[in-house]
Structures are given as structure tokens and as C-alpha cells.
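Let's work through a few exercises together, each with a solution that goes step by step. Have a look at the chain below before you start.

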Amino acid sequence: MKAIRLFVLFFVLSIIPLANAYAWSLEIGIRALIPRIGAGVQKYEDKEGNKATFKPKAESTATGQSYHLGLRLESWQVDYDSSKFTFDSSIKAGDVVSADTDLECTITENRLGINYHIERELAGAFAGLGYTSVKEEIKSDDNTWTREESRPYLKSGIDLIINSITLRYEMLIYSIGEHNIQVNSLAFLVVF
């Protein structure tokens, strides 16, 4: 993970001077995430490799953050996001646990996508699609279950543009197996 961050930092610092020469721009920033999760019955695997099927019930609002790197050429933009959000959950007593159990759920993602932007002076709108690599980790006091997969996503949003600063509202929709997820986010971006 440290090597990836160093590579991204080196990449950003090396291409900033080239932006004006080739009419493209680079944006970096951070997002606050508030996902809505419709949980379904899923198959998970614990650390010993045992499979379990259950439905985690969300008990709190999911929150998190995301780091963003975007490269734009005219109206098209390729972006990479690394995000993580958590929420409290529970499962009922049954085959997986002997008593009702509180859980902590963490979902981490790495997203790569392409967007089409329309801009006018101080505002803009965009729509895009891409692919996300998702890991869902559910922890109880005595066990950890995980699920990993890659899924396509759709997104749209609006921008408020103030010189080299962009404030962005974005909505992203995808699924993880039987979970349906809608991620609403507010971003603060710096454009070079």
C-alpha cells in the first residue's frame, strides 16, 4: 500500500508541468461518503476458509471517505478512487452464531472509471461508468467473515467550480452480490 501511494505521488508531481502543454488537467481530492445499503443474504468466508450464509442487518448509518485522482482531456475524464466506509450491523442467532451478535462491517473499494463532463462557467454535470474491486469485511468478537468481488458501477453528479477548486456531489450505484449500494458523496477537489 505504501508503494502505491509513493507511485501516485511521484506520478502526480511528474505530470503537473505537462498539463498546460497538452490541454489536459489533473484533479486530486477527498470525498466524504454516506452510502445507503440494502443488505441481502450473502455467502461469506471466515479466516479458516469456512463458508457461511447470512444477512447482516445495518444498525447505523454508513460513513467513510474516499481519495480521488482524475485525469481529464477535454470533456472526458479517467478517475481512480480508493474508498472505505464502515457501519454497525447485527445478525440473528442461527446456524452462524449461537446468539444475536453485533458486528462491525467495513467495505473497501478501488474504483477505476471514465466520465463525460459538461461544464459552463461556474457549474458542471457528469455521468460515467467503471469497475470497482470491493472487499466486505464483517467482524464479531470471535470471528471475521469476508467477501471479495469486482463489479461494474454507474455514477452521475454535479460540480460547483471556483477557479482551481471544485466542490462535487456524486451518486454512485452498484451491487455486491445481493447487497445494493448507493453511495452519495461530497468532494473537495483541487484541479491543476
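**Exercise 1. Find the ring that has arginine 168 over its face, and give the distance from the ring centre.**

Step 1. Arginine 168 sits over the face of phenylalanine 126, at 4.8 Å from the ring centre. A charge counts as over a ring if NZ of Lys or CZ of Arg is within 6 Å of the ring centre and within 35 degrees of the ring normal.

Step 2. A word on the model: it is predicted, with local features needing pLDDT of at least 70 and side-chain atom pairs counting only at pLDDT 80 or more, while totals for chains, interfaces and linings use all residues. Residues are numbered from 1 along each chain as its sequence is written, and side-chain values use heavy atoms, with hydrogens and water left out.

**Exercise 2. Describe the chain by its helices and strands.**

Step 1. The chain has 2 helices and 11 strands; helices (H or I, at least four residues) and strands (E, at least two) are DSSP runs, numbered from the N terminus.

Step 2. In sequence order the pattern reads α-α-β-β-β-β-β-β-β-β-β-β-β.

Step 3. Of the 192 residues in the chain, 41% are buried. Here buried means under 20% relative accessible area, exposed over 50%, and partly exposed in between (1.4 Å probe, protein chains only).

**Exercise 3. Work out how many aromatic pairs there are, and describe the one formed by phenylalanine 54 and tryptophan 145.**

Step 1. Rings of Phe, Tyr and Trp (its six-membered ring) pair if their centres lie within 6.5 Å; planes under 30 degrees apart are stacked, over 60 edge-to-face, and the rest tilted. The count by this rule is 3 aromatic pairs.

Step 2. Phenylalanine 54 and tryptophan 145 pair edge-to-face, with 5.2 Å centre to centre and 70° between the planes. This pair links distant parts of the chain: phenylalanine 54 belongs to strand β3 (residues 51–54) and tryptophan 145 to strand β9 (residues 144–162), 91 residues apart.

Step 3. Both phenylalanine 54 and tryptophan 145 are buried. Together with Tyr44, Phe54 and Trp145 form one aromatic cluster.

**Exercise 4. Is valine 97 buried or exposed, and which residues does it touch?**

Step 1. Valine 97 lies in the loop between β6 (76–91) and β7 (101–120).

Step 2. Its relative accessible area is 11%, so valine 97 is buried.

Step 3. Leaving out residues up to four places away in sequence, valine 97 touches Ile91, Lys92 and Trp145, where contact means heavy atoms within 4.5 Å.
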